Amino acid sequence: MEFHLKKRPRHDVKVEVVSLESKYPHNVMLYHYPPTDDVHIEEFEELALERLRLLRVLDRAFTKNLRLLSDEWKEYVNAELTREGLRSYLRLCSAGGSKHESDIQTRRRDYLSHFILRLAYCRSEDLTRWFVAREMELFRYKFAALSSSEVKQFLESNGFEIHPLTEAQKDEVKDGLYESTAGQSVSKIELLDFYKVPFTDVLDLVRGRRCYLKAGFAYVNTLDLVSIVGTRQQEEIEQGLQAAKGLVEEVEGDERISRMLKALHNSYTGKDYTVCRDAAIPIESLDQLSKTSMPLCMRMCHEHIRAQHHVKHGGRMQYGLFLKGIGVTLEDSLRFWREEFTKKMDADKFARSYEYNIYHNYGKKGSMVNYTPYSCAKIIKEMAAPGDCHGCPYKSMDPSSLKTKMASYGLSASAIDEVMFFVSRGHYQIGCGKYFQLTHSASVEPTINHPNHYFEESQILMGNRQKRTTNGPAPPKARVRPDIKGCADRSMLMGDDDDELWRIAETQERAMQSQKAISEAFDDDLDLTEIEY
Amino acid sequence: MPEEIVDQENQAPQQQVQATAVPEYNREMLMDMLPVYYRRLFPHMPFYRWLSYGLTEDGIFCNREISFTLHDDIYLRYLCFESQAEFEKEICLKLPVKMDIGPVMHTRPKNIRTVPGGLNPVQRELVFDIDMTDYDPVRTCCSEAEVCQKCWKFMVLAARILDVALREDFGFEHILWVFSGRRGIHCWVCDHQARHLDGRGRYAVAEYLNPISYVSFGGKNSPRCPMGDRTHHSLKRALKIAEPLFEEIILEDQNLFGTPKGVTKLLQMIPDDAARGELESYLQKSLEDGAHSRLVWESFLKYSNSMKTATASAWSRKLKNIVQEVQLGLLYPRLDINVTRGFNHLLKAPFCIHPSTGKVCVPFSVSAVAKFDPTTVPTITQLLHEINAFDDKSKSYMEAPEDKSRIKDHKKTSMFKGVVVFEEFLRKLERSHKAASLQF
């Protein structure tokens, strides 16, 4: 658990917790008053990233098309929250009004981090929309966990003046209630309390025709109260975002914060692929691997390079960093690019114009920053011009050439349709996951949010990675980034990663030492890939 | 005359000239006719009375965005007018071939370039746009821009279903229905609450009134109107309105299932692969190709009823409402949902002349919608002909003082009815302003 309580002097805790509890009396709060706490810059960043991971879990559940608060949704979200090390939030969404000290701390983190992200997500309409949608999902999840007495308490403390219909009033509209109250049986409807509110208070129920509507009033039962409360919460957040927009200039005067806030929505919070720790890939196997284990975006880069012997900067960055991430060493990388590029230019020109860039990517020249391979979010955002091969093909290619491409890779027409179903709806990553599932005959499609993750999953599925890791020194698969803190955070945000330089040395050393093992593994690769293809 | 028609068709091939009694509308002549129309026939006063809403709110008239489309497709947006006099003067001067009404902004929209932060819409009628082209998959009589009395019946249902939902469910009272001049209808909901709905509110209302979803099957989209276990009262009511006309419209007028292609349309509305296959083979067995829709429908009813009793089949669970779902799926209003959702969406003003048909966008009353005939809506040519004929007869126009006669000019024409509907709508609207002002 990542609480830093232990760091605090013991005698403080008691007082602090008591005051915290009065400040954050409830698991579910309307985020009305901006917090006035002093927060250390490191904690500020930590909170921001923590909430971002939290919201991204919800986002993944959303893109997987799971219905909000359905059992599958809860199962998925709970598992993901646990995996991401966000169990404290999970408690917020399940345990009631527990007085446990750590829960109260979580309430504080919840409250603060929400306001921090407001600053990062108020800056454009797209960001705002995403943020509000995820926050509302979180709110509903938290609210759904409240007991009825807690709901009552919540309503009272937040000044909601709504009263249930009397029996007589309910009787007048009972036919309508029976017909039009969604999700409740008739016998249940008899027992439930109903509230009459202007239809504008429960737009989500109206939109889905989930309640009885008469003369501009909606009849809402206790179980749908969240809708009324949620509307208020949403207004609160949206107004807050508007207000934050006005403040953001002032906040961004502080450069420490502004850089983070600006980059936050694009920061990658999954596994860190900056340095590949568990495998080394010889460049000779790239042709095979491009066919079996690379996602479409990388495969196309690879083929482009093999065919054109040249690739523009965007492609070099995208593919080059990817190669680094899958375990191509600096030396191999240099060799790979040199061999290709010198088919079109002399070695001298290559050395002058391109070598630096490759050293640079590996953090060996210039700012000495070890760059992080691009995540899907970044690749999808890339604007590829004609002649470029980078960017997300699902997004950038027109549907017909994309189909042709996939057909030329051996996908059947029906398989292509399956992928295109998601692509045409703008769910490029799900489309990519589908492509993975189809090409690997996997039973489930993985959630793809990083090309290196795609590659790794593929290798694991084909038995390559696991095999190697069992006798290799590095721990096996899915090493989720340990709880983010301090400088490691910043590296995720800015791509500064000097402090991990030593790991490159480690990797290279290992690569050199186990030259033999590699060539064996290379044979393995060939065998397995042939079976697969 | 025939020569002119040929000429015209060469220039604008899609355009259809409706055969009406009096002189044919000729697009070339539009610019010559508009001055007279705007001077003598356009109901400037009621139009202003509408958009000023009794001046109950600040800037309600003068911050309204109006756009003009001039001759030669010059499009002027962000116009606004301080008074009725200015509005009328500008219309008669610029002679727009089309006028659109946008939202009321927070300030004068004409200052768009100098307003920091851009214009913010503050209110706008809740509008609906139903276009006949969206019915192409379910009509056989016409397609695209054409409308006949048969397919107008779809519009009859659309207007009735929406009107009653807006009144009963949302409690709106001031609803103006307008024929768009060619192939669609517009609905303007003008209640205070409707005008002040925010984007999300509009979205919710639009979705509430739009239960139709499209399921892709075999590359074709077929409409679905899922009813669920217990059917929401709004859908039950819609079905109650639509069902009595189902036979007449779908089976008789359109004979929609009368071809193998039509039968496929019916089959595509069955959202279950196995059940669809069963039904297909049943229909093939029991019917000849090209059997009349009535027979197809009867077979379908018979089959689904007989299957309902079989416990284990999809027909008794998933498809237990299938008959009603198909009926609503075919007849429920097709809304252009983005028009309703958008705060900023411009919509053509009533009493404009549709440039390609020459017809007036006349308001109509929902209670008499079945009697409304889109094919006999007067064209501008016809209207001018009528006032001339009237003037010739009475010789009064030349002698009477201009203002006095002008007020009554529309009464000499077949536009009269539309203006009366509009006036009636205004009378109720103004009464509600008065009631509201008395409350304060």
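Buried area is the accessible area, taken with a 1.4 Å probe, that two parts lose on being put together, summed over both. In this predicted model, the area buried between chain A and chain B is about 1,800 Å², and carbon and sulfur atoms give 56% of that. Glu179(A), Arg207(A) and Arg209(A) supply 38% of the area that chain A buries against chain B, more than any other three residues. The model is a predicted one, so to speak of local features takes a pLDDT of at least 70 and side-chain atom pairs count only at pLDDT 80 or more, while totals for chains, interfaces and linings use all residues. Residues are numbered from 1 along each chain as its sequence is written, chains are lettered from A in the order in which they are written, and side-chain values use heavy atoms, with hydrogens and water left out.

Now for who touches whom. Counting a contact as heavy atoms within 4.5 Å, chain A puts in 25 residues and chain B puts in 25 residues. The rule also picks out 13 residue pairs in polar contact across the interface, both residues being at pLDDT 80 or more. A polar contact here is a pair of N or O atoms within 3.5 Å; within protein, one must be able to donate a hydrogen and the other to accept it, and residues adjacent in sequence count only if both atoms are side-chain atoms. On the side of chain A that touches chain B, the elements giving two or more residues are helix 9 (174-180), helix 10 (186-191), helix 11 (203-207), strand 2 (212-214) and helix 12 (225-252). Helices (H or I, at least four residues) and strands (E, at least two) are DSSP runs, numbered from the N terminus. Helix 9 of chain A gives the most to this side, with 4 residues.

Next come the charges. Side chains of opposite charge can pair when their charged atoms come close. A salt bridge is a side-chain nitrogen of Lys or Arg within 4 Å of a carboxyl oxygen of Asp or Glu. By that rule the structure holds 51 salt bridges over all chains, and 2 of them cross the interface of chain A and chain B. One of these joins Glu179(A) to Lys236(B), with the closest N and O atoms 3.2 Å apart.

Inside chain A, Lys142(A) and Asp110(A) meet in a salt bridge at 2.8 Å, N to O. This pair links distant parts of the chain, with Lys142(A) in helix 6 (residues 125-144) and Asp110(A) in helix 5 (residues 101-121), 32 residues apart. Buried means under 20% relative accessible area, exposed over 50%, and partly exposed in between (1.4 Å probe, protein chains only). Lys142(A) is buried at 2%, and Asp110(A) is buried at 3%. Glu125(A) and Arg129(A) also form a salt bridge, at 3.7 Å, but they both sit in helix 6 of chain A, 4 residues apart, about one turn of the helix. Glu125(A) is exposed at 63%, and Arg129(A) counts as exposed at 52%.

Chain B has 17 helices and 11 strands, and 54% of its 440 residues count as buried. Here Arg294(B) pairs with Glu252(B) in a salt bridge, the closest N and O atoms being 2.6 Å apart. Arg294(B) is partly exposed at 32%, and Glu252(B) is partly exposed at 34%.
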